[in-house]
Amino acid sequence: MIVHLFRAEFRRYWAELKTYYPDQITSAVITGIIFMVFILLNNNHQNPAFYIGFAYWFLISSLIGEASESISMEKQLGTLDQLLLRPAGLEAILVVKTIVWLVINLVKVVVVIGLLFVILRFDIGFHPLILPIFVLTCIGIFGFSLFLAGLTLKYTKTASFESIISYLLLFLTGSIVPLTAFPAWLQGVVDFLPITLGINISRQLIDRGTLDISQLFWLVVQSAVYVLIGHLMYRYIYHASKRSGIDNAY
């Protein structure tokens, strides 16, 4: 059943890409411009790991809002009831939708970074272990996505919450402002975000080529805690919404 869901979602997104390819080209160009500005403003762009923070943030910010945006769109189209009645369950469908969207965005970012490397000739480092580290980080951040999906079931529009979380992560992960510039108490809070640890581990892999097992263990624990809390909050809001009646209006 899950394999069928993946196939259906990939076919749907592929059909959208072919139909609305001008939008995708525009999105890729805008991504490239933002990335280029980030590179030129980054004083540490000679470091081959300089791009990691922005790439993580760009991909994860889209992951945060995909589930809630899907629910909001289904409400707008009047098809939410059909999703709720599917045997796989709404949460499994949201997981599949989010993974497919993340894969598409990952391909887009890889293409953009590759083109910028050819154009700007910056040294861009990479290590194969970055991919599993990124996946672990996404699992933790998906907890935020589940929470927002639950809120969208209840309140329909949660774009403002998504924007707040997304831009907070941009600053709190050291992508723009170094973490050392933050007060000590805020640095302590930031250390408990999976994306912060994921970025640090990825940078160390590029700079030193080594993986700190204790950091990896802590990332696994953080991600498991975040996704579990997100799942529990989603289930609570979902069942509470069913008791009071889910608002299908957009």
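Q: How are H3 and H6 oriented to each other?
A: Two packed helices are described by the angle between their axes and the distance between the axes. In this predicted model, helix H3 (residues 52–77) and helix H6 (residues 130–155) pack at an angle of about 30°. Their axes lie 9 Å apart. Angles under 35 degrees count as roughly parallel, so H3 and H6 are roughly parallel to each other.

Q: What is the handedness of the crossing of H3 and H6, and how do the residues of their contact divide?
A: H3 and H6 cross in a right-handed sense. Their contact comprises 17 nonpolar, 5 polar and 2 charged residues.

Q: At what angle do H5 and H6 pack?
A: The angle is about 130°, and the axes of H5 and H6 are 11 Å apart. H5 is therefore oblique to H6. The crossing of H5 and H6 is right-handed.

Q: Which residues make the contact of H5 and H6?
A: H5 supplies Leu90, Glu91, Leu94, Val95, Thr98 and Leu102. H6 supplies Phe134, Cys138, Phe142, Leu146, Ala149 and Leu153. By class, the contact of H5 with H6 has 10 nonpolar residues, 1 polar and 1 charged.

Q: Is Thr98 buried or exposed?
A: Start with its place: Thr98 sits in helix H5 (residues 90–120). Its relative accessible area is 3%. Buried means under 20%, so Thr98 is buried.

Q: Which residues is Thr98 in contact with, leaving aside its neighbours within four places in sequence?
A: Thr98 is in contact with Leu63, Glu66, Ala67 and Phe142. Phe142 is also among the H6 residues in the contact of H5 and H6.

Q: How do the axes of H6 and H9 cross?
A: The axes of H6 and H9 cross at roughly 175° and come within 9 Å. Angles over 145 degrees count as roughly antiparallel, so H6 is roughly antiparallel to H9.

Q: Which residues make the contact of H6 and H9?
A: From H6 come Ile130, Ile133, Thr137, Gly140 and Ile141. From H9 come Pro194, Ile195, Gly198, Ile201, Ser202, Leu205 and Ile206. The contact of H6 with H9 divides into 8 nonpolar, 4 polar and no charged residues.

Q: Where is Gln204, and is Gln204 buried or exposed?
A: Gln204 belongs to helix H9 (residues 194–208). Its relative accessible area is 19%. The cut-off for buried is under 20%, so Gln204 counts as buried.

Q: With which side chain does the side chain of Gln204 make a polar contact?
A: The partner is the side chain of Gln215, at 3.5 Å. Not counting residues up to four places away in sequence, Gln204 touches Gly209, Thr210, Asp212 and Gln215.

Q: Which residues is Leu216 in contact with, leaving aside its neighbours within four places in sequence?
A: Leu216 is found in helix H10 (residues 213–244). Its contacts are Ile133, Leu136, Ile201 and Leu211. Ile133 and Ile201 are also among the residues in the contact of H6 and H9. Leu216 and Ile133 are 83 residues apart along the chain, and their C-alpha atoms are separated by 8.0 Å.

Q: What is the relative accessible area of Leu216?
A: The value is 22%. Leu216 is therefore partly exposed.

Q: How are Tyr167 and Leu186 placed?
A: Take Tyr167 to begin with. Tyr167 lies in helix H7 (residues 159–172). Tyr167 is partly exposed, with a relative accessible area of 48%. Leu186 lies in helix H8 (residues 184–190). Leu186 is buried, at 17% relative accessible area. Its C-alpha atom is separated by 8.6 Å from that of Leu172, 14 residues apart along the chain.

Q: How many helices and strands are there in the protein chain?
A: The protein chain has 10 helices and 0 strands. Of its 250 residues, 43% count as buried.

Q: What share of contacts in the protein chain joins residues at least 24 apart?
A: Count contacts between residues at least 6 apart in sequence: 80% of them join residues at least 24 apart.

Definitions and conventions: Residues are numbered from 1 along each chain as its sequence is written. This is a predicted model: local features need pLDDT of at least 70, side-chain atom pairs count only at pLDDT 80 or more; totals for chains, interfaces and linings use all residues. Side-chain values use heavy atoms; hydrogens and water are left out. Axes are lines fitted to C-alpha atoms, for helices over the stretch in contact, and angles run from 0 to 180 degrees between N-to-C directions. Helices (H or I, at least four residues) and strands (E, at least two) are DSSP runs, numbered from the N terminus. Angles under 35 degrees count as roughly parallel, over 145 as roughly antiparallel, 65 to 115 as roughly perpendicular and the rest as oblique. A crossing is left-handed if the near helix is turned anticlockwise from the far one by less than a right angle, and right-handed if clockwise. Ala, Val, Leu, Ile, Met, Phe, Trp, Tyr, Cys and Pro count as nonpolar, Asp, Glu, Lys and Arg as charged, and the others, Gly among them, as polar. Buried means under 20% relative accessible area, exposed over 50%, partly exposed in between (1.4 Å probe, protein chains only). Contact means heavy atoms within 4.5 Å. A polar contact is a pair of N or O atoms within 3.5 Å; within protein, one must be able to donate a hydrogen and the other to accept it, and residues adjacent in sequence count only if both atoms are side-chain atoms.
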